[in-house]
Amino acid sequence: METKLLKGNQQPPMELLLTADPSEQLVKEYLDRGQCYTAEIENHTAGVYVLLETSDDTIELINIAVDEQYQGCGIGKALVKDAIQKATDMGYKKIEVGTGNSSIAQLALYQKCGFRISDIDKDFFVRNYDEDIFENGIHCRDMIRLSQMLKGD
């Protein structure tokens, strides 16, 4: 698997990005400000993530999605690790990620990759999405924020 930064003239895999965030408007907004990376396997986009600078020393992993046919193969973990490495290489001191309170698998993945819960944005999804989101039989209401400090040279 190889990850590549999309250039300005390349179209992001919007359908795949929308599997991780159902708001096309929000996805377009952070794509305009962030860097979109795709993971290719045999000329097929297997996964995608977006990095967005939030301060001089902090970057956020905004959206991470894996094509359904590649789920359960370790692609998600490889993408998170790749994002951490890219953030470190770019000189950031901290990386953050947020996910819904109902996103059980994602919460486990991020913690396995070294992230720690740092904050909860109560009712984030209620405030920012027109329709209710349910996942794993749980009403997605709160944004669970996780972060980790990066090791520089």
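Helices (H or I, at least four residues) and strands (E, at least two) are taken here as DSSP runs, numbered from the N terminus. The structure is a predicted model, in which local features need pLDDT of at least 70 and side-chain atom pairs count only at pLDDT 80 or more, while totals for chains, interfaces and linings use all residues. Residues are numbered from 1 along each chain as its sequence is written, and side-chain values use heavy atoms, with hydrogens and water left out.

In these terms, D123 is found in the loop between β6 (116-121) and α5 (124-128). Its phi is positive, at about 65 degrees, although D123 is not a glycine. With a relative accessible area of 30%, D123 is partly exposed, where buried means under 20% relative accessible area, exposed over 50%, and partly exposed in between (1.4 Å probe, protein chains only). A positive phi, near 55 degrees, also occurs at N136, a residue other than glycine. N136 is placed in the loop between β7 (133-135) and β8, and counts as exposed at 52% relative accessibility.

R141 lies in the loop between β8 (138-140) and β9 and is partly exposed, with a relative accessible area of 34%. Not counting residues up to four places away in sequence, R141 touches N101, D123, F124, F125 and V126, contact meaning heavy atoms within 4.5 Å. By contrast, the C-alpha atoms of R141 and E68, 73 residues apart along the chain, are separated by 24 Å.

Two of the residues touched by R141, F124 and F125, are both buried. A search of the whole structure finds four aromatic pairs, for which rings of Phe, Tyr and Trp (its six-membered ring) pair if their centres lie within 6.5 Å, planes under 30 degrees apart counting as stacked, over 60 as edge-to-face and the rest as tilted. Together with Y129, F124 and F125 form one aromatic cluster.

The largest nonpolar core has 26 residues, and those with the most contacts inside it are Y49, L51, L61, V80, I95 and F115; such a core is a set of buried Ala, Val, Leu, Ile, Met, Phe, Trp, Tyr and Cys residues joined through side-chain atoms within 4.5 Å. At least two residues of this core are supplied by each of β2 (35-41), β3 (44-55), β4, α3 (75-89), β5 (94-100), α4 (104-112) and β9 (143-149). The largest share, six residues, comes from α3. Apart from this core lies another, of twelve residues, among them L16, L31, C36 and V50.

Beyond four places in sequence, the contacts of I95 include L51, I59, L61, F115 and L146. L146 is found in strand β9 and counts as buried, at 0% relative accessibility. Among the residues that L146 touches, again beyond four places in sequence, are I95, V97, L107, Y110, F115 and I117. The C-alpha atoms of L146 and G98 are separated by 6.0 Å, although these residues are 48 residues apart along the chain.

L17, which lies in helix α1 (residues 14-20), likewise counts as buried at 0% relative accessibility. Leaving aside neighbours within four places in sequence, L17 is in contact with P12, V27, L31, V48, V50 and N63. L17 and K122 are 105 residues apart in sequence and 24 Å apart in space, C-alpha to C-alpha.

Open space was examined on a 1 Å grid over the protein atoms alone, a pocket being an open set of points where a 1.4 Å probe fits, with protein on both sides within 12 Å along at least five of seven lines, and lining residues having an atom within 4 Å of a point. The largest pocket has a volume of about 1200 Å³, a volume being the space filled by probe spheres set on the points, with grid points joined across faces, edges and corners. It is lined by 50 residues, of which T19, A20, D21, N63 and I64 lie nearest its centre. Strand β4 (residues 58-66) gives the largest share of this lining, seven residues. The second largest pocket holds about 160 Å³ of space, and its lining residues include L6, K7, P12, L31 and C36.
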